Amino acid sequence: MICPHCTSDNDRVLDSRGCEDGRAIRRRRYCNHCKKRFTTYERVEQYAMQVVKKDGAREPFAREKIEHGVERACWKRAISGDQIRELAAQVEADIQSDYESEIPSTVIGRMVMQRLADLDQVAYVRFASVYREFKDVEDFVAELAPLRSQSDTAAVSDD
Ligand SMILES: [Zn+2]
């Protein structure tokens, strides 16, 4: 590692320890040339997964979009926020392990549906029926938003 103080490439590691909840390794280094110390961090390379939408447009993958879509489908079901986050994390892990740099949005939708089917049948049917028509999680969320607020209103007037 090139020393940031003198730019010589002659150092030794004094200390290595995990940090950022184990997502990084911090190394204290000692430059044998100028005798100064510096620190380096080692992390897993950040992947920049692109989602290819139905119209061919690409956008960066965002786990929050899956969470929002699933949240809508799970409305009034006995499913916790933790379960939803867990589902989205599992889908993201599948994407990371099976796809290099881009993934069609339709494939993400199928992955979510498979996971939802194991979790809750009603949420699965809601997600699947709307998703199959719109083929895009984002459109799905947009479409369900007014539906949800109508139901909210109905629930209030029932009380
Ligand atoms: Zn140095």
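Helices (H or I, at least four residues) and strands (E, at least two) in this talk are DSSP runs, numbered from the N terminus. The model is predicted, so local features need pLDDT of at least 70 and side-chain atom pairs count only at pLDDT 80 or more, while totals for chains, interfaces and linings use all residues. Residues are numbered from 1 along each chain as its sequence is written, and side-chain values use heavy atoms, with hydrogens and water left out.

I start with the segment before strand 1 (11-19), where H5 lies. H5 is partly exposed, at a relative accessible area of 41%; buried means under 20%, exposed over 50%, and partly exposed in between, with a 1.4 Å probe and protein chains only. Which residues does H5 touch, leaving aside its neighbours within four places in sequence? They are C34, K36, R37 and F38, where contact means heavy atoms within 4.5 Å. A polar atom of the H5 side chain lies 3.0 Å from the backbone oxygen of R37.

Next, the zinc ion. Its protein donors are the SG atoms of C3, C6, C31 and C34, at 2.2 to 2.3 Å. Donors here are N, O and S atoms within 2.8 Å of the metal (3.2 Å for Na, K and Ca); water is not among the atoms, so sites may look incomplete. The spacing of the donor residues in sequence is C-x2-C-x24-C-x2-C. Why is the arrangement called tetrahedral? Because the 4 donor atoms subtend angles of 107 to 114 degrees around the zinc ion, and four donors count as tetrahedral if all angles lie between 85 and 135 degrees.

Now the hairpin. Strand 2 (residues 24-31) pairs with strand 3 (residues 37-43) in the antiparallel sense, over 7 bridges; two strands pair if DSSP finds at least two bridges between them. R26 has Y41 in strand 3 as its bridge partner. The hairpin leaves 5 residues between the two strands, and K35 in the turn has a positive phi of about 70 degrees.

There is also an open sheet of 3 strands, in the order 5-4-6, with mixed pairing. Strand 5 and strand 6 (102-104) are the edge strands, each pairing on one side only. On average, neighbouring strands of this sheet are turned by 30 degrees against each other, direction ignored. Strand 4 (residues 50-52) and strand 6 run parallel and are joined by 3 bridges, with P104 in strand 6 as the bridge partner of V52. Helix 3 (residues 105-119) lies across strand 4 and strand 6, at about 70 degrees to strand 6. Axes are lines fitted to C-alpha atoms, for helices over the stretch in contact, and angles run from 0 to 180 degrees between N-to-C directions.

Two glutamates to finish. E59 sits in strand 5 (residues 58-60) and is buried at 17% relative accessibility. Its side chain makes a polar contact of 2.9 Å with that of K65. A polar contact is a pair of N or O atoms within 3.5 Å; within protein, one must be able to donate a hydrogen and the other to accept it, and residues adjacent in sequence count only if both atoms are side-chain atoms. E67, in helix 1 (residues 63-73), is buried at 14%. Beyond its neighbours within four places in sequence, E67 contacts I84, R85 and A88.

Conventions
Four donors count as tetrahedral if all angles lie between 85 and 135 degrees; four count as square planar and six as octahedral if opposite donors are over 155 degrees apart and all others between 65 and 115; anything else is irregular.
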